[in-house]
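I opened my notebook to look at one helix and its surroundings. Here is what I looked up.

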Amino acid sequence: MTGMPAGRRAAALALLERLEAGAPDRVDANLTDFDSDATEIILGFAFADVVSRPGIDLKTREMLTVAMLASMGTAPGQLDFHMRAAMNTGVSRQEIVEIVYQVAVYAGVPAAMNAMTSAKKAFAEAPE
């Protein structure tokens, strides 16, 4: 193990739990199956070092993440997760629709169409 402080790992997993209940166990198992240090390195950097910074609230960070992943067009599983996480942090369906329109303007219609597919999945899974 890399020796990531237990508090940093715990903070990363706690933030992941805020994004989607049950996600830490699934993500940790997936990453650990790849390499025993993967959770420490990837989640520690992403969630403890960056996403948990105080400069931008979590809802806004999720909106930005959805827009960036949609624009990339190369990470459908991550986009699906962050669509759900965005809704779990208070992003409304209408805000997601507006993000997808913005993606169409700046990243292109194909990227927006992929984002629509992901959004519709998140909408279908979300409680009313």
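Which side-chain oxygen reaches the backbone nitrogen of Lys-59 at the start of H4? I found that of Asp-57, to within 3.2 Å. I counted a polar contact as N or O atoms within 3.5 Å, one able to donate a hydrogen and the other to accept it; residues adjacent in sequence count only if both atoms are side-chain atoms.

I noted that the model is predicted, with pLDDT of at least 70 needed for local features and 80 or more for side-chain atom pairs, while totals for chains, interfaces and linings use all residues. Residues are numbered from 1 along each chain as its sequence is written, and side-chain values use heavy atoms, without hydrogens and water.

Next, I checked the length of H4 (residues 58-72). Helices are DSSP runs (H or I, at least four residues), numbered from the N terminus. At 1.5 Å a residue, times one less than the number of residues, its 15 residues should span 21 Å; the end C-alpha atoms are 21 Å apart, which agrees.

Just after H4, I saw Gly-73 with a positive phi of about 70 degrees.

Last, I looked up Leu-79. Leaving aside neighbours within four places in sequence, Leu-79 contacts Val-66, Leu-69, Ala-70, Asn-114, Ala-115 and Ser-118 (heavy atoms within 4.5 Å).

Technical notes
Helices (H or I, at least four residues) and strands (E, at least two) are DSSP runs, numbered from the N terminus.
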